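I opened my notebook to look up a few things in this structure. Come along and check each entry as I go.

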Amino acid sequence: MNGTTGTRDFAPVLAQVKPEAERLIAQYPDSRSALLPILHAFQDVEGWVSPEAMTAAGAMLGLPVSVVESTASFYSLFFRRPVGKYVLQVCRNLSCQLNGAEKIMTHIRERLNIGHLETTHDGLFSYEEVECLAACDRAPCMQVNLDFVYDLTRENVDALLREIMAGTYETPPLRQTAKPAANWHVEQDWAQKSPGARGVSSPNDPGGMGDVSGLRMIERLADGPVVLSGRPTEERLIVEGAARLKHTGSANEH
Ligand code: FES
């Protein structure tokens, strides 16, 4: 592999990542276990995981590119297109929705004047609404360049945005080796995602106020007995949220 792909020479990136990749591969009995940290290493250098990086990772580990791509596309930890210096990923899943995520999402959209999967014109912010970040006990929450920010309010979001714009925010910016597009070409991603799961948002949903998939899921729960995976659930937030919706009659009244 000479590192030259498409219209750009990938060799300098490869040379930077290779020593770290070799160190990672040597740590695991099965080299494919090094895939995620190697993708992170490429993202650290380029600010995103480019197609060339995925091809290179596959070659290092003896994996088909399709395996690398399907792994990278599973995680919101990997940016598969050039993004802003700060990527705000707000959780739009159930616990966060019940704790006011929608207000937070609307607030950020209005403050930055961008929508789901879009980047501000100055390339400073990208914004994405993601599925559960596994921090449900501190809902609503988001990740900023993959660092968690918990217990979001409009006030602490404003403070965070101000610090980022002033260059004083504690989490460093991502490296930007390519100019982010104004949007992330969501249509192009559609073919790579599973359309099968009920209740999973379409990547073509606009997100935020325009994306009603999260609310529809809660409404479905409120319509009948709260049953998940064939069994009644005792998950407190879901049961309480569904009961509250039954009481008020409609999710849209919130
Ligand atoms: S629902 Fe938001 S972190 Fe789990």
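**Entry 1: the sheet.** In which sense do strand S6 and S7 pair, parallel or antiparallel? I keep in mind that this is a predicted model. I looked up residues 142-144, which form S6, and found that S6 pairs with S7 in the antiparallel sense, over three bridges. Across from Gln143 I found Phe148 in S7. Then I noted how helix H6, residues 101-112, packs on the sheet: H6 touches strand S3 (86-91) and strand S5 (125-130). The direction of H6 makes about 155° with that of S3.

Next I traced the whole sheet. It is open and has five strands, in the order S4-S5-S3-S6-S7, with mixed pairing. At the edges I found strand S4 (118-119) and strand S7 (147-149), each pairing on one side only.

**Entry 2: two helices.** I went back to H6 and found that it packs with helix H7 (residues 154-166) at an angle of about 35°, the axes being 10 Å apart. I wrote down the crossing as right-handed. On the H6 side, the contact is made by Lys103, Ile104, His107, Ile108 and Arg111, and on the H7 side by Arg154, Val157 and Leu161. Sorted by class, I have four nonpolar, one polar and three charged residues.

**Entry 3: helix H2.** I looked up residues 35-46 and found a helix of twelve residues, H2, reaching 17 Å from its first C-alpha to its last, close to the 16 Å expected. Which residues of H2 are buried? I listed Leu35, Ile38, Leu39, Ala41, Phe42, Gln43 and Glu46. Their cover includes helix H1 (11-27), helix H3 (51-61) and helix H4 (65-74). After H2 comes Gly47, with a positive phi near 85°.

Technical notes
Residues are numbered from 1 along each chain as its sequence is written. This is a predicted model: local features need pLDDT of at least 70, side-chain atom pairs count only at pLDDT 80 or more; totals for chains, interfaces and linings use all residues. Two strands pair if DSSP finds at least two bridges between them. Helices (H or I, at least four residues) and strands (E, at least two) are DSSP runs, numbered from the N terminus. Two residues are in contact if their C-beta atoms, placed from the backbone, lie within 7 Å. Axes are lines fitted to C-alpha atoms, for helices over the stretch in contact, and angles run from 0 to 180 degrees between N-to-C directions. A crossing is left-handed if the near helix is turned anticlockwise from the far one by less than a right angle, and right-handed if clockwise. Ala, Val, Leu, Ile, Met, Phe, Trp, Tyr, Cys and Pro count as nonpolar, Asp, Glu, Lys and Arg as charged, and the others, Gly among them, as polar. The expected span of a helix is 1.5 Å times one less than its number of residues. A residue is buried if 20 or more other C-beta atoms lie within 10 Å of its own, exposed if 12 or fewer, and partly exposed in between; C-beta atoms are placed from the backbone.
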